[in-house]
Amino acid sequence: MVEQSRVDSTKKKLEIGHMLMAINNLYDKCTSQDAPPHISHKQDYKPRYSEDSNIQIEEAAKKLSIIRAYMTSFRQIVVDVPRNNLAPETNRMIDKLLRVHTV
């Protein structure tokens, strides 16, 4: 019984760790030098690093709001881009993506 509880706790911690890593990776991609320079939602946010799980969750929530703002801006750029010079298959792909990822 105690062993199963320990296994369950370890699995939960591992899942949370994977989610936090995924959020950090997305945040890094959205705020890196490779991101389009005209999209910047980072502002004055400076991440805090801590072993405290409450602080980690707060930081993840802040990063998710920045990622959401970035994705919203990026989506608007894709919607606004003149598409008359794009190949038909590219237009179909963009239309499909916009239908799937409607907020």
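At what angle do helix α1 and helix α2 pack, and how far apart are their axes? In this predicted model, helix α1 spans residues 2-31 and helix α2 spans residues 53-80. The two pack at an angle of about 40 degrees. Their axes lie 9 Å apart. The angle makes α1 oblique to α2, because angles under 35 degrees would count as roughly parallel and those from 65 to 115 as roughly perpendicular. The crossing of the two helices is left-handed.

The contact between these helices can be listed by residue. From α1 come Leu20, Ile23, Asn24, Leu26, Tyr27, Cys30 and Thr31. They meet Gln56, Ala60, Lys63, Leu64, Ile66, Ile67 and Tyr70 of α2. By class, the residues of this contact comprise 10 nonpolar, 3 polar and 1 charged.

The overall architecture is helical. The protein holds 3 helices and 0 strands. Along the sequence the pattern reads α-α-α. The chain has 103 residues, and 17% of them count as buried. The accessible surface amounts to about 8500 Å². Carbon and sulfur atoms account for 58% of that surface. Among contacts between residues at least 6 apart in sequence, 53% join residues at least 24 apart.

Ala22 belongs to helix α1. Its relative accessible area is 39%, so Ala22 is partly exposed; that class lies between the 20% limit for buried and the 50% limit for exposed. Ala60, one of the α2 residues in the helix contact, lies 38 residues from Ala22 in sequence. The C-alpha atoms of Ala22 and Ala60 are 9.8 Å apart in space.

Beyond residues up to four places away in sequence, Arg48 touches Ile55, Glu58, Glu59 and Lys62.

The remaining helix, α3, covers residues 88-100 and includes Asn91. Is Asn91 buried or exposed? Its relative accessibility is 17%, so Asn91 counts as buried; the cut-off for that class is under 20%. With neighbours within four places in sequence left aside, Asn91 is in contact with Arg83 and Leu86.

Technical notes: Residues numbered from 1 in each chain as written. Predicted model: local features only at pLDDT ≥ 70, side-chain atom pairs only at ≥ 80, totals over all residues. Heavy atoms only, no water. Axes fitted to C-alpha atoms, helices over the stretch in contact; angles between N-to-C directions. Helix = DSSP H or I, 4+ residues; strand = E, 2+ residues; numbered from the N terminus. Parallel < 35°, antiparallel > 145°, perpendicular 65-115°, else oblique. Left-handed = near helix turned anticlockwise from the far one by under 90°. Contact = heavy atoms within 4.5 Å. Nonpolar A, V, L, I, M, F, W, Y, C, P; charged D, E, K, R; others polar. Buried < 20%, exposed > 50% of the residue type's maximum accessible area, 1.4 Å probe, protein only. Areas by Shrake-Rupley, 256 points an atom, 1.4 Å probe, with all protein chains shown as cover.
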